[in-house]
Amino acid sequence: MSMQSDTLEPASLFKAYYQRLCYFAFQFTGDKDQARDIAQEAFVSYLGQRGQVAPHPVAIRNFLYTTVRHACLNLLRHEKVVEKFAASQPVPPSDDATVVLTMIRSEVLGEINRVLQTLPEACQEIIRLGYIEGLKNQEIAQQLNISINTVKTQKKRGLHLLRQRLNPEIYSLLFL
């Protein structure tokens, strides 16, 4: 499109390029409202940087298209980050029963961790490795560089202390 230097006023630019920029942005976003917003922001950006853009129709057109393109790509990158984050999150509980079970599980695990912290350090570590992380006695012994008999003794001692300090229902859940 050929524009004369007297038509470089913002209203003329908007009239000449707005629909084109909306269509251009829509090709990236697939969303008419987002495309309109991005096109409008390109004009705002141009007005803010007008003194840095050559007062030539081609330079202005290139600035507007480049601004829209960058905004669309940034939006798409942001949406991918949001989708990736949402996909990495556990599915939120959908019904009341699931919510209640989730709350109970959180409370039980909190109580188990609270009582575990009251155990002697060696017992605490062996109980965590054996019952929470699921390691076998041999693996615990190798990891901690101790004998299997020490692992067994500490497990027995830790379980005895947990049985004394935990509510019986919570204690039985430790092994589920």
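This is a predicted model: local features need pLDDT of at least 70, side-chain atom pairs count only at pLDDT 80 or more; totals for chains, interfaces and linings use all residues.
Is Cys-22 buried or exposed? Keep that in mind for a moment.

Now the answer. Cys-22 has 10% relative accessibility, and therefore counts as buried. The cut-off for buried is under 20%. Cys-72 goes to 0% relative accessible area, so buried as well. What about disulfides? Searching the whole structure turns up zero.

Next, the helix pair. Helix H1 covers residues 10–29, and helix H3 covers residues 57–88. Their axes sit 10 Å apart, and the packing angle is about 30°. Angles under 35 degrees count as roughly parallel, so that is the label for H1 and H3.

Who touches whom? On the H1 side we have Leu-13, Tyr-17, Arg-20, Leu-21, Phe-24, Ala-25, Phe-28 and Thr-29. On the H3 side, the contact residues include Pro-57, Ile-60, Arg-61, Leu-64, Tyr-65 and Val-68. Cys-72 is also among the H3 residues that meet H1. Sorted by class, this contact has 15 nonpolar residues, one polar and three charged. So Cys-72 belongs to the H1 contact, and is buried at 0%.

Last stop: Tyr-23. Where is this residue found? In helix H1. Buried or exposed? Its relative accessibility is 57%, so Tyr-23 counts as exposed. The cut-off there is over 50%. One distance to note. Tyr-23 and Ala-39 are 16 residues apart in sequence. In space, C-alpha to C-alpha, Tyr-23 and Ala-39 are 9.0 Å apart.

Terms used: Residues are numbered from 1 along each chain as its sequence is written. Side-chain values use heavy atoms; hydrogens and water are left out. Axes are lines fitted to C-alpha atoms, for helices over the stretch in contact, and angles run from 0 to 180 degrees between N-to-C directions. Helices (H or I, at least four residues) and strands (E, at least two) are DSSP runs, numbered from the N terminus. Angles under 35 degrees count as roughly parallel, over 145 as roughly antiparallel, 65 to 115 as roughly perpendicular and the rest as oblique. Contact means heavy atoms within 4.5 Å. Ala, Val, Leu, Ile, Met, Phe, Trp, Tyr, Cys and Pro count as nonpolar, Asp, Glu, Lys and Arg as charged, and the others, Gly among them, as polar. A disulfide is a pair of cysteine sulfur atoms within 2.5 Å. Buried means under 20% relative accessible area, exposed over 50%, partly exposed in between (1.4 Å probe, protein chains only).
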